[in-house]
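Here's a quick tour of one model, with a salt bridge and a helix pairing on the list. Have a look at the structure, then read on.

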Amino acid sequence: MGIKEFPGKAKTFIKNVTLRDILNFIIDQWFLECLGIAILIAYLVPNLGKKGGWIAAQYTIIYVCPALIFFVSGLTMDTKVLIQTAALYRIHLVSQIMSYLYTSMFFFVFSYAALMSNDKHINVSILGGFILLGCTPTTIGSNVVFTRNAHGNHAATLIEVTIANLLSPVLSPALISMYMSSSDKWGEFRPGGGVGGYQALYRSVFKQLGLTVFVPLFVGQLLRYIATKQVKWVAEKFKINKFSSVFLILIMWSTFSSCFATGAFAAMTPQSTGLVLMMDFGLYWFFLFSTLVVTRGSRKVHFKNKYLESIFNFFRFDKRDTIAMCYVVPAKTPALGVPLINALYANHSGISDQMKQMLQIPIILYQIEQLCFSSSSVPVFRKWVRDEEEAAKLEAEEKARVEKSAEADTERVGQSSNSSSSTEVARSEAEVEVADGLVGGEEVHARDLEKQ
């Protein structure tokens with residue numbers, strides 16, 4: 001198509017767009033629209049959803065909503081698929097290396113470069129927040145929701161989220177201490193931690209994982225096992241997967257309410273705000289596309305030797321696994337970022353509450369940007385994976401047809417064997433009757449001879 005033809009095509013496309021198309025587009029973007037409304041409410045009434053606020057969001061939102069997300073996952077996820085996914089060591093290894101080492105390295109490089117520029121308009125707390133952001137694990141709830149909506153391998157996402165958050169109490173403090181030991185300019189932001197601080201971090205992490213991931217997931221799987229047909233009917237009838245997106249919006253509403261209530265955003269300079277937005281935007285998309293390149297950038301190599309083939313194809317995955325990794329690797333969670341900050345700086349009297357809030361700003365703004373970008377990428381991934389879904393569907397139908405044909409053949413063989421057996425039995429009975437008749441005739445003939 002030439003350049004001159006494009007305006008005509010565009011006009012034709014615009015003319016063909018109907019009011020129904022516009023309404024469908026608005027409905028499809030309901031998540032972002034509701035998220036915007038939630039942020040507006042958080043700005044207008046911050047005391048409603050903040051931690052320690054009117055509804056005690058530190059319990060009613062921070063614990064209940066993620067627990068409901070994983071409860072829904074437990075209800076809708078096949079147990080066999082979950083067990084099979086847990087055994088896929090290759091995706092676990094690649095995801096965790098990229099999620100921790102790869103992302104944290106780039107956050108550190110950009111933060112260190114900004115620190116060395118000696119720009120007085122850039123707050124050191126913001127730069128320290130970027131390093132903390134890079135070292136935090138992937139988010140707990142949103143990854144599972146978006147992977148499921150994009151038709152990716154959400155069982156793999158669930159496993160990766162669990163592994164990442166279990167590793168966080170060990171890896172995150174070690175990475176933060178390593179990066180902030182690079183220069184004395186980090187000053188008081190170099191964490192001293194302390195036994196009490198790290199113990200508090202461990203308690204917070206394992207308590208949160210137990211109450212928001214393991215327990216609700218187990219209960220959901222148990223209900224699915226006990227009443228499989230009823231659970232499937234409820235899931236399809238009421239579309240309970242969509243409730244996970246609602247719970248996710250409530251989590252973000254509570255997070256923004258806490259930030260607006262403490263005035264952390266108002267303390268930022270325009271330069272710091274611009275730096276945070278640009279770095280969050282650029283690094284998220286960089287991590288997303290680099291994950292696509294790593295997992296799908298090369299063609300699959302085939303060898304007769306299966307071990308050699310697995311080595312060459314170690315970083316290549318199918319589309320459903322790739323979608324899961326594209327949501328796991330770039331994402332970072334404020335749910336563990338905040339306890340991490342409180343634990344690392346528990347013994348630092350020189351860091352005020354406002355400075356701690358400013359350390360959280362890169363994490364929170366990154367969270368809202370990743371939610372917007374992840375939501376907008378769902379239709380793209382869903383269309384991209386359609387060919388594999390159709391191929392898998394055809395393969396499943398062909399397998400079911402073959403199994404049904406084999407069962408029918410077995411049934412026909414059984415029927416023929418039964419009929420032949422019945423024929424043989426009838427023939428045997430007839431032969432017996434004939435033999436009995438012959439014997440009886442001989443006996444009668446013998447008696448007649450005796451009488452003569």
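## Ground rules

Buried means under 20% relative accessible area, exposed means over 50%, and partly exposed is in between (1.4 Å probe, protein chains only). This is a predicted model, where local features need pLDDT of at least 70, side-chain atom pairs count only at pLDDT 80 or more, and totals for chains, interfaces and linings use all residues. Residues are numbered from 1 along each chain as its sequence is written, and side-chain values use heavy atoms, with hydrogens and water left out.

## The salt bridge

How many salt bridges are there (a side-chain nitrogen of Lys or Arg within 4 Å of a carboxyl oxygen of Asp or Glu)? The count is 1. Asp-387 and Lys-319 form a salt bridge through their side chains, at 2.9 Å from N to O. Asp-387 sits in helix 20 (residues 386–451) and Lys-319 in helix 17 (residues 319–328), so the pair ties together distant parts of the chain, 68 residues apart; helices here are DSSP runs of H or I with at least four residues, numbered from the N terminus.

Buried or exposed? Lys-319 is buried at 9% relative accessibility, while Asp-387 is partly exposed at 41%.

Helix 10 (residues 142–149) is mostly covered, with 7 of its 8 residues buried; among them are Val-144, Phe-146 and Arg-148. Just after helix 10, His-151 has a positive phi of about 65°.

In helix 10, Ser-142, Val-145, Phe-146, Arg-148 and Asn-149 touch Asn-241, Ser-244, Ser-245 and Leu-248 of helix 14, contact being heavy atoms within 4.5 Å.

Terms used. Helix = DSSP H or I, 4+ residues; strand = E, 2+ residues; numbered from the N terminus.
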